[in-house]
Amino acid sequence: MTELRVGSVSVPQDSHNLLTDLVYDKNKSEEDRPFSAIVEAFRFAFALGYASNKRGKRVGAGITVAPRQFVVSDYEVLFREICIEEDISLGALCSDFAQGGCEIIKAHLERGGTVLELL
Amino acid sequence: MELTYLAIANIGPFKGLHQFNFNNEAGKTGFAIFSKNGRGKTSLFNAMQWALFGEVFERGSVRSGKWSEGRKRKIVGDYSKDPGPLMNEDAYREEKIPEMSVIIFASKDGEDIQISRTAKSKVGSMPREDEDLNRTLTVSVGSKAYQDAEGQELVEQLFPSELRRFFFIDGESLEEYVNLVKAGQVGGIKDDVESVLRLPALTRGITDLEKLRHDLEGEMASENREKRKMKKSAREANDIQIQIKNLTIELQGKERNYEKTRKRFEDLESELKGVAEAVSHMENLQKLRITRDALKTALERSAKARHDFSSNAWKVLIWNRAKSLHKEADDQMGNIQSSKFRIDSINNRIGNLEKEISKFTGICSHCDQPIADAESHKRKLNEDLKKKKNELSEITADSDLSADSVIQTMGELGKLNAPTGSKESILDSNKNWIEDRRKLLNIMELLEKEESRGLQGVDSEGLLKKYENRGQMRTTLSRMDPIIDDLKLKIKQKEIDFKRLGGGKISNSNTSKTRVNSTIGDLLNVMKDTLAKYRESARTRVEDVASESFRNVINAPEALTGVIIDENFNGSIRGANGRRVTMPSSGQEMTMTLCIMDALRRVSNVSAPIFFDTPGRSLDDDHKKAQLEYFWKMRNHQFIIFPHSGEYKIEETIEEFGGLIGGAWELTWPTDCENCENCGEDSPMKEGVIMRCMNCGEKWDISIRQTTVKVLEVES
């Protein structure tokens with residue numbers, strides 16, 4: 001039986017930019033920036049991808065999310081079987097779901113919606 | 001004053017009128033009234049006090065080093081008490097209008113004096129209280145008569161009541177007085193010395209002045225307190241005055257500023273009136289900007305709230321999907337629990353079957369009867385056991401999940417669940433933010449339009465500045481108004497406080513009182529000095545006179561040379577060595593006391609008869625004789641003794657002192673008569689309560705308790 005691998009978490013540059021624009025700035029109250037930090041925005045995108053069962057395809061160099069802030073083992077209970085089955089690391093699977101989430105967010109914002117309406 | 005005649009009626013045991021004549025041609029001053037106990041000696045003694053002073057007291061005593069009179073005796077009242085009322089009981093009960101009276105006839109400096117005092121019922125028979133009596137006093141001097149208060153004043157001059165106890169000496173109270181005179185008693189005879197010197201008036205004067213001074217000092221202290229208060233008030237008033245001044249300066253400054261600002265505001269207003277359209281534009285701009293700023297603030301608040309709530313947004317999303325996994329695990333847990341229960345139950349059954357098979361004997365364990373088909377029964381048990389073991393292995397094979405791993409899964413999944421209501425809170429906060437943003441964007445659009453409108457020929461920037469200035473001035477003026485009002489109110493309150501504190505004025509009212517107080521102080525010092533000098537002079541005089549008397553009366557004048565009255569007015573006997581005798585006998589002490597009393601009386605310069613009830617009490621025969629010899633020899637001082645038969649024997653006394661006695665009487669009751677009053681026969685016959693003379697047949701009732709006065713014959 002294949003061992004479960006942890007791996008690292010990352011998103012492509014454009015998704016990272018998207019997530020950065022969702023971080024709260026008290027001087028930009030009129031902009032849609034509901035999250036307190038980029039990791040919060042990442043976690044939201046990951047959860048959105050998982051809930052919608054949408055995995056995105058990451059193209060180009062990825063920007064790593066700090067493992068201390070997003071602990072992939074917290075989600076082992078959800079993904080252990082998939083990871084073993086597909087032989088991918090937990091980090092990679094989380095990153096795929098986050099990318100999927102980013103794509104949903106981007107599309108929704110382009111339609112004039114707000115991020116939290118995606119709940 | 002010399003007593004010449006005495007008449008008493010209905011007093012004590014004396015019913016009706018009884019008379020005593022103190023006149024004697026030889027000018028002898030000794031008198032004696034003999035009797036057994038209860039025959040009226042003390043009543044007679046009291047009768048004279050009552051005639052002179054209008055009141056009689058029970059026996060006095062020394063309390064806290066001071067002589068105190070006993071309670072005042074009533075004239076009528078309860079006769080069952082001891083001592084009873086003064087009025088004769090039979091007269092009180094029998095007479096229709098009871099009356100008690102005493103008349104004293106006397107002479108002074110060749111003038112006749114008559115003192116007549118009467119108490120007569122004004123309510124008929126048996127008056128219950130002294131208030132039911134009419135009490136009158138008539139004092140005649142020569143041909144002039146004085147009634148009641150005026151008469152009493154005259155008696156007081158002849159016989160000062162405060163010296164009463166030196167003239168009316170009660171032998172039974174004498175021991176008390178001895179104690180007062182002896183060392184160790186507080187104050188000793190100081191009060192008596194003051195009395196004989198008539199110093200009480202001076203003492204009272206000192207007391208009155210001290211009281212006056214005390215009151216005055218009290219007033220001054222109160223005024224001083226008031227003055228201190230006023231000084232404090234004055235200081236406070238000055239502080240307030242300074243505060244008023246400062247507040248007024250501040251108010252004037254504020255009013256000047258207010259006036260200046262108001263003027264500039266009015267100028268600006270009139271200037272802005274000329275460009276009304278531009279002003280309207282500026283006002284719109286101003287309003288929109290204010291609204292924009294307010295909406296910005298609101299949006300900041302809602303953005304912050306949204307950001308606070310959104311921290312759980314990811315959990316909401318995860319849980320949308322993970323909750324089914326959680327449910328699945330929960331179901332698995334249910335199955336595991338159920339399997340475990342079944343396994344326990346089967347294991348239990350297997351255990352029982354194995355036990356039953358191993359102990360099988362063919363006898364029923366319940367009823368102890370042989371089992372009909374034992375072999376068949378045992379076979380059935382073995383089959384059941386096999387079946388249960390198969391069932392157990394099937395169940396065990398099915399449940400490959402452990403309860404612990406399922407619990408762990410459920411725990412980890414549970415961590416991904418958002419708190420209840422998170423989704424609603426996040427969506428609500430998002431809606432609020434959207435709404436606030438919409439409002440802000442609308443206003444910003446309007447503002448942009450208004451800003452782009454502009455006005456031709458108008459210096460918008462300059463106008464805006466002026467407009468802003470006007471707004472600021474209006475705000476400044478509206479802020480200054482309450483400040484000025486507050487200052488005015490403060491000044492008003494301070495002015496009221498200033499007035500309340502009397503405007504800081506201080507009065508000087510007690511300067512004259514200080515002068516009066518000082519004068520009283522000087523006067524008091526003079527009076528106290530005088531009193532001290534008088535007292536000292538009197539002390540030495542009383543000591544000298546008492547020593548002279550003592551040497552005459554005492555039976556050992558060589559050993560006991562006189563009386564010492566020390567600076568504390570305590571009396572003692574002086575020995576031959578000039579020192580105080582340490583252990584005198586009670587008779588010597590009694591004699592010393594009598595001599596001090598005699599000295600006090602002589603120093604007082606009051607000339608009046610001396611009445612001595614039970615004079616021989618506590619004295620031995622030698623002293624008793626010496627006492628009579630000395631006192632009865634005194635010229636100008638009548639000395640009337642009231643001895644009972646145990647003190648001085650009548651015959652012996654008359655025989656021995658007949659040359660000094662001016663008059664003697666015996667008070668008797670009928671039962672005392674051993675000889676017939678009619679014929680002088682000395683062997684009367686007693687028949688019940690009647691005595692009958694065997695010689696002349698005269699009869700008398702011995703049950704009667706009425707006193708008869710018998711004049712005794714003395715040497716003329």
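**Close-ups of a predicted two-chain model**

**View 1. Where chain A meets chain B.** The contact draws on 20 residues of chain A and 25 residues of chain B, where two residues count as touching if their C-beta atoms, placed from the backbone, lie within 7 Å. On the chain A side, the elements that put in two or more residues are α2 (38–51) and α3 (76–86) of chain A; helices here are DSSP runs of H or I with at least four residues, strands are E runs of at least two, and both are numbered from the N terminus. The largest share of that side is the seven residues from α2(A). By type, chain A's side splits into twelve nonpolar, three polar and five charged residues. For that count, Ala, Val, Leu, Ile, Met, Phe, Trp, Tyr, Cys and Pro are nonpolar, Asp, Glu, Lys and Arg are charged, and the others, Gly among them, are polar.

A quick note on reading the views: this is a predicted model, so local features need pLDDT of at least 70 and side-chain atom pairs count only at pLDDT 80 or more, while totals for chains, interfaces and linings use all residues. Residues are numbered from 1 along each chain as its sequence is written, and chains are lettered from A and ligands numbered from 1 in the order in which they are written.

**View 2. Chain B as a whole.** Chain B has a mean pLDDT (the predictor's per-residue confidence, from 0 to 100) of 85, with 93% of its residues at 70 or more. For the complex, the predictor gives an ipTM of 0.94 and a pTM of 0.49. Chain B holds 17 helices and 19 strands. Of its 716 residues, 26% are buried, that is, 20 or more other C-beta atoms lie within 10 Å of their own. Take the contacts in chain B between residues at least 6 apart in sequence: 74% of them join residues at least 24 apart.

View 3. Six strands of chain B form an open sheet in the order β2-β1-β6-β7-β8-β9, paired antiparallel; pairing takes at least two DSSP bridges. At the edges sit β2 (14–21) and β9 (144–147) of chain B, each pairing on one side only. Strand β1 (residues 2–11) of chain B is joined to β2(B) by six bridges, with B:Ile8 partnered by B:His18. Helix α1 (residues 41–53) of chain B packs on the sheet at about 75° to β6(B), angles running from 0 to 180 degrees between N-to-C directions of lines fitted to C-alpha atoms, for helices over the stretch in contact. Helix α3 (residues 148–158) of chain B lies across β6, β7, β8 (133–141) and β9 of chain B, at about 55° to β8(B).

**View 4. Strand β15 of chain B and its two partners.** Six bridges link β3 (residues 30–35) of chain B in parallel with β15 (residues 661–668) of chain B, and here B:Phe34 stands opposite B:Glu666. Strand β15(B) also runs antiparallel to β19 (residues 708–712) of chain B, over five bridges. There, B:Leu667 has B:Val709 as its bridge partner.

**View 5. The largest nonpolar core.** Such a core is a set of buried Ala, Val, Leu, Ile, Met, Phe, Trp, Tyr and Cys residues joined through C-beta atoms within 7 Å. This one has 86 residues, and those touching the most other members are B:Ile11, B:Met48, B:Ile104, B:Val563, B:Cys595 and B:Ile596. Helix α15 (residues 586–604) of chain B gives the most to this core, nine residues. Leaving out residues up to four places away in sequence, the contacts of B:Val563 include B:Phe550, B:Met592 and B:Cys595.

Notes. A residue is buried if 20 or more other C-beta atoms lie within 10 Å of its own, exposed if 12 or fewer, and partly exposed in between; C-beta atoms are placed from the backbone.
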